[in-house]
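This report describes the overall architecture, surface and annotation of one protein chain. The sequence and structure are shown below.

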Amino acid sequence: MHGSEVRTCQTNGIWTGTQPSCPIVSCGDPGAPINGIRYGKTFTYQSTIILECDPQYKLVGDLTRTCQADGQWTGTQPACQITNCGTFLNGPSGTVTSNNFPANYNDNEYCTWQMQVPVDKKVRLDFTEFRTETGKDFLMVYDTSRYDRPTIVFDGTTYKPPPFTSSGNVARVRFISDGASTEKGFSFSYKQVGK
């Protein structure tokens with residue numbers, strides 16, 4: 001706010017102080033990391049943006065940043081570091097497996113696969129195998145254009161995940177493992193299905 005917070009009407013009929021105004025606070029466009037993308041087009045006070053890396057890259061830093069009253073973004077601009085797994089997959093169908101499958105995957109993995117089919121179709125995922133360290137290594141499924149939080153998160157060795165169908169023509173799957181122990185991993189197929 002600019003101007004006087006408190007104003008008093010004087011006996012001469014004139015207010016003390018100056019008329020307050022509340023200009024819109026803008027933090028400006030923080031941009032997107034190299035080999036990444038920014039979700040969100042509003043850069044004013046209390047607006048939140050999401051920063052994401054392309055498949056084959058790992059986000060190092062803050063996933064979300066919020067514009068503060070002082071005109072600065074929270075956190076720091078993240079970077080996208082190259083990884084040894086994940087990719088863009090375009091086409092009507094395909095298969096995805098964890099690194100080394102059917103042998104155990106590696107420690108400290110961060111892998112992202114993005115499946116894209118024609119605009120008038122959806123992506124269906126069908127799991128054939130699933131074994132990860134319970135509570136430590138996670139497989140996350142993100143629905144079309146909803147990358148701020150996963151739609152479903154799987155871990156463990158007891159149950160094979162059920163089929164998943166996206167709401168649009170893109171689905172993203174991310175696998176993150178810790179540095180403790182590993183399991184066999186996973187295998188799933190994807191295919192395009194009608195709307």
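Predicted model: local features only at pLDDT ≥ 70, side-chain atom pairs only at ≥ 80, totals over all residues.

The accessible surface of the protein amounts to about 10,600 Å². Carbon and sulfur atoms contribute 49% of this surface. Of the 195 residues, 36% count as buried, that is, with under 20% relative accessible area.

## Secondary structure and overall form

The protein has 14 strands and 0 helices. From the N terminus on, the order of elements is therefore β-β-β-β-β-β-β-β-β-β-β-β-β-β. The radius of gyration is 23 Å, whereas the globule rule gives 16 Å for 195 residues, so the protein is more spread out than a compact globule. The C-alpha trace spans about 85 × 40 × 30 Å along its principal axes.

Among contacts in the protein with a separation of 6 or more, 64% are made by residues 24 or more positions apart.

## Annotated domains

An unreviewed UniProt entry lists "domain: Sushi" for residues 1-24 and for residues 25-82. Within residues 25-82, the chain is 36% strand and 0% helix. The end C-alpha atoms of residues 25-82 lie 35 Å apart.

Definitions and conventions
Residues numbered from 1 in each chain as written. Heavy atoms only, no water. Helix = DSSP H or I, 4+ residues; strand = E, 2+ residues; numbered from the N terminus. Rg over C-alpha atoms; globule rule 2.2 N^0.38 Å. Buried < 20%, exposed > 50% of the residue type's maximum accessible area, 1.4 Å probe, protein only. Contact = heavy atoms within 4.5 Å. Areas by Shrake-Rupley, 256 points an atom, 1.4 Å probe, with all protein chains shown as cover. UniProt positions renumbered as here; feature names shortened; annotations may be inferred.
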